[in-house]
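These are my notebook entries on one protein chain.

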Amino acid sequence: MDQNKFIDDLISQMTVEEKAAQMLQVPVSVVGMDAAREWARKGVGSFLNALGSEMEELQKVSCEESRLKVPVIFGIDAVHGHGLNRKATIFPSQLAMAASWNKDIAHKAAEVTATEVATDGIHWNFSPVLCLARDPRWGRTDETFGEDKYLAGELGAAMIEGYQGDDLSDDTSVLACAKHFIGYGEATGARDSYDTEITFRKIRDEFLPPFRKAIDAGCATVMSAYGSIDGTPLTVNKKALRGILRDEMGFDGVTVTDWDTVNALITRQRVCGNHGDASRLAADAGNDMIMCTMEYYDAVIEEVKSGRLDEAVLDEAVRHILTVKCRLGVWEKPLKTGKPGSIGCDEHHEAALEAARGSVVLLKNDGILPLDPGKKIRKIAVIGPNADDIRAQYGDWTYFTHPVPGIEKEPERPYVTLLEGIREQTESTGIKVEYSYGCSVNRMGYYKGNFAGIPEFMEQCYKDNAHRYDSYKEMPYINEAAAMARSADIIILALGDNYNQHGEYNDRADLRLSGMQEALFRVLSTLHIPLITVLISSKPLAIPEVVKKSDAVICAFNGGMYGGRAVAETIFGKLNPSGRLPISFPYTTGQVPVYYNQFPGWHEGRYVDCPEKPLFAFGEGLSYTWYEYSDLKFDAASKTVSVNVKNTGDKAGTEVVQIYVEDVVSSVMTAVKNLAGFSRVELQPGESKEVSIRLDDEAFMITRPDETRVIEPGEFVIYAGHSSKDEDLLKVSVTL
Ligand code: NOJ
């Protein structure tokens, strides 16, 4: 039967109650199975956070015991791998993957994750995050592709295509969800879910571009954000959800609210006094599915029956939901079948390793790297809280941060921490590798990677704010590490943050290394033994002293299951790093925001007590070879940049060619430059290649104060080179 007719028929048979239920997404982990079964009988539209036999049972109830037998769809957060399944393949965090500047990696990670999620029967993955992290104090920085709209859009679109495949009804395709719409990362003071003090002009200019790409890539669902823009919560923001997303951007899929945001309209944001108003405004603003506010059901029914809300609003939402269900083919196959046996299979693990390799960013190298095991190294001291802690390496959204009741605490092997990676690399070299914990990231005590007793430990972590505990008590462990290091030829020190310093509710006011990590670093750096520091963290940290006094610095962010192996391969030269920073590193917390594409000020943006430039800029990253750029040209007719890149070193490598555009004079101020294209190019020693990159119109567009988007004719500067830093770029001036 024709899909539209099928949907029309179904809607015509639905009662207001059934429409309200279809618009609801119920969290099984919160309500429990008894209540979930009742919701299934009422004809609820979706469940989230269910796994295994629970899903099978709930789908059976929906298909057999609800009046119209409309199958439900199941949703989950599998944002860098299917992290709630302990056998699953865990990729680097989105931020770490962004450091690869590699769309193939993003696409493959999503494809693998979709296959694993679908193998567990699930239809819908709440990923990718397209918010920008321009203030790294934000707890969810690790979930983003970093600070730049162009990079986020390119990688986000690649992930969406990877999740959704060619056809949503394929066994291994799942619904992607572009989130969080819109401006969520820009909350005041980087406090998660707070108001966003920006204009819609700014939103169109800076925050919509990745969502435009997501919609062009066919993203089937969009999640509205927790926060508010200039006092209007996104949950009721008709201008954003209907005016911009639907009417202007042409989105025809399903919109879903974030977790319990309809209740938050009453309890937190205080723009509604009761559930009737909150539910009516949320539906009217254009939310099709309401996540987790079960009060919505009774309230919206009452709003329709009393005439305050037009039933057509519900019809429209239900139509969007049923259309997506038809595209998924849930009537034919109520649960996804995926690819049996694929969860954690070798091919998927290989993809995670490739992604981890792509994510390694070498930030400093005084010449110590790569280490040559043949050269008089007798002992390596591996030290630091994050050297052998798989939780820190995994980052957010795995069973550690979102534990599923009843599952084991430790993920199933294989995974490789940094310590294990160093042991792999030195296995047959005769080099002795010794390990010392040094100090904790942010709690008192001596944690040795023992997974027993995690619930109490987690509780303790939440109670102990980093600045409050008696960190001096860890001095004996620092001394122990220093004593062990004294006889070493090389120190490899892993510092960073841990799972209770990122994610929702976990914004930071201080980006310095927490706990006794700075003290540990200072003690080790006074030993005058070559020191390689590895940052395993969810975000950039303010580490100027570490950078100054280390002989080499590697940024790994959260590298996933093989993060440790990829870093160890880099240290020993098996891997020539090609990662580039997707986000700037500040000197100090007070310097944020320090993203590269700010507007020019006319007093130069200097602080009296801190440099104007970041510690490391967007796009930076070294390798074990050097690249030289020449012959930059721009063909205005085809908007194509071409530039010659030569590998002038003696090792093969991959350069990430970056193109930036500056609008020289415009009617409204524009950024000093914006990323407009990039390309990865592999070069043998001595080899050169001409790289051509076609720029989108978007690269030249501005948003005027009246919110119209135009290209104003005039002069533009096109930059090409190794990073966003002026000294790394060639430039050519063009008139369009
Ligand atoms: C809240 C988060 O903001 C969102 O990203 C996530 O998808 C939902 N909860 C569902 O878990």
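Entry 1, the whole chain. I counted the secondary structure elements of this predicted model and found 21 helices and 26 strands in the chain. I then looked up the radius of gyration, which is 26 Å. The globule rule gives 27 Å for 736 residues, so the chain is as compact as a globular protein of that length. Along the principal axes, the C-alpha atoms fill a box of roughly 80 × 65 × 45 Å. I noted that 62% of the 736 residues count as buried. Among the contacts with a separation of 6 or more, 77% are accounted for by residues 24 or more positions apart.

Which residues of helix H18 are buried? In this helix, residues 475-485, I listed Ile478, Ala481, Ala482, Met484 and Ala485. These residues are on the same side of H18 because they cover an arc of only 160° around the axis. I recalled that an α-helix has 3.6 residues a turn, so residues three or four places apart point the same way. What do the buried residues of H18 pack against? I found strand S13 (379-383), strand S14 (432-436) and strand S15 (490-496), together with helix H19 (517-525).

I looked up the second largest pocket, which holds about 750 Å³ of space. The pocket is lined by 27 residues, and those closest to its centre are Tyr595, Tyr596, Glu612, Lys613 and Val672.

Methods. Residues numbered from 1 in each chain as written. Predicted model: local features only at pLDDT ≥ 70, side-chain atom pairs only at ≥ 80, totals over all residues. Heavy atoms only, no water. 1 Å grid on protein atoms, 1.4 Å probe; cavity = no way out; pocket = protein on both sides within 12 Å on 5 of 7 lines; lining within 4 Å. Points joined across faces, edges and corners; volume = space filled by probe spheres on them. Buried < 20%, exposed > 50% of the residue type's maximum accessible area, 1.4 Å probe, protein only. Helix = DSSP H or I, 4+ residues; strand = E, 2+ residues; numbered from the N terminus. Arc of directions from axis to C-beta. Contact = heavy atoms within 4.5 Å. Rg over C-alpha atoms; globule rule 2.2 N^0.38 Å.
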